[in-house]
Amino acid sequence: MKVNILAFGALAEMIESEELETDDITDSDVLHQYLLNRYPDLANNDFQIAIDQKLVACKVVFSCNDCIEVALLPPFSGG
Amino acid sequence: MSRELSRFFIKDAIDVHRILDELNQKLEGSSGAVTIFQGVVRGDASGDTRVREIDYSAYLPMATESFAQIESSISKEYSLHKLVVLHSIGKVEAGQCSLLVYVSAAHRAEAFDALREVVEQIKAKVPIWKKEIFSDDSSSWGGV
């Protein structure tokens, strides 16, 4: 299953990309580890994860859709 | 050319006077109170330089949904006649407006309380980020 990863704010600069694509990710814990392995500096940054535009606070198993969208969201600073 | 990106977002700085003129012309006769919040980019000093502008970005589909949910929940909680929220995307210079919240109601209590609650919820819940750009062209992410 394809996972489309969007990065925003300071995270996008850190990983030098606003969009990545990967597959073979089955749940949000596996995704988190994949990101930390690929970008170790993420461990020093506070961020939330949204899956298909919904914030997730605990482990989410990805359903067998063709593609899901994951967003890496640093602390909000709008307003 | 329209700079509206969506119902809640506008490209670059908000033209406050034009928007307030439009809204006030449509004010209901039973509205006794209008409260307005303008978020303005501050030209804060930072060492030998200062903020020249802020570049706002957002996760637009999620941010739009967040704004819609805030609008819905505040409208249910308070008896309002109108609630309008506009946020900038892109570059807004120091002194210009990047957030406009407009509330009208029959009485001032609801108008004051709803306005404050809307602004607090926007800051907490909407996926928007600001990048401060300084007069020496350096930059820094806000909220970090």
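Which residues lie nearest the centre of the largest pocket? They are B:Glu4, B:Ile19, B:Leu23, B:Val84 and B:Leu86, among 15 lining residues.

## Basis of the model

This is a predicted model, in which local features need pLDDT of at least 70 and side-chain atom pairs count only at pLDDT 80 or more, while totals for chains, interfaces and linings use all residues. Residues are numbered from 1 along each chain as its sequence is written, chains are lettered from A and ligands numbered from 1 in the order in which they are written, and side-chain values use heavy atoms, with hydrogens and water left out.

## The largest pocket

The largest pocket holds about 300 Å³ of space. A pocket is an open set of points on a 1 Å grid over the protein atoms alone, where a 1.4 Å probe fits, with protein on both sides within 12 Å along at least five of seven lines; lining residues have an atom within 4 Å of a point. The volume is the space filled by probe spheres set on the points, which are joined across faces, edges and corners.

In chain B, α1 (16–25) and β5 (82–93) each supply at least two lining residues, and β5(B) gives the most, with five. Helices (H or I, at least four residues) and strands (E, at least two) are DSSP runs, numbered from the N terminus. The lining comprises eight nonpolar, no polar and seven charged residues; Ala, Val, Leu, Ile, Met, Phe, Trp, Tyr, Cys and Pro count as nonpolar, Asp, Glu, Lys and Arg as charged, and the others, Gly among them, as polar.

## The interface of chains A and B

Contact (heavy atoms within 4.5 Å) involves 20 residues from chain B and 17 residues from chain A. The two chains bury about 1600 Å² between them, 61% of it on carbon and sulfur atoms; this is the accessible area (1.4 Å probe) lost on being put together, summed over both. Of the area that chain B buries against chain A, B:Tyr59, B:Met62 and B:Trp129 supply 41%, more than any other three residues.

## Salt bridges

Across the interface there is one salt bridge, defined as a side-chain nitrogen of Lys or Arg within 4 Å of a carboxyl oxygen of Asp or Glu. The side chains of B:Lys131 and A:Glu13 form a salt bridge at 2.6 Å, N to O.

Over all chains, the structure has eight salt bridges. One joins the side chains of B:Glu71 and B:Arg7 (2.0 Å, N to O). B:Glu71 lies in helix α2 of chain B and B:Arg7 in the segment before β1 (9–11) of chain B, so this pair ties together parts 64 residues apart in sequence.
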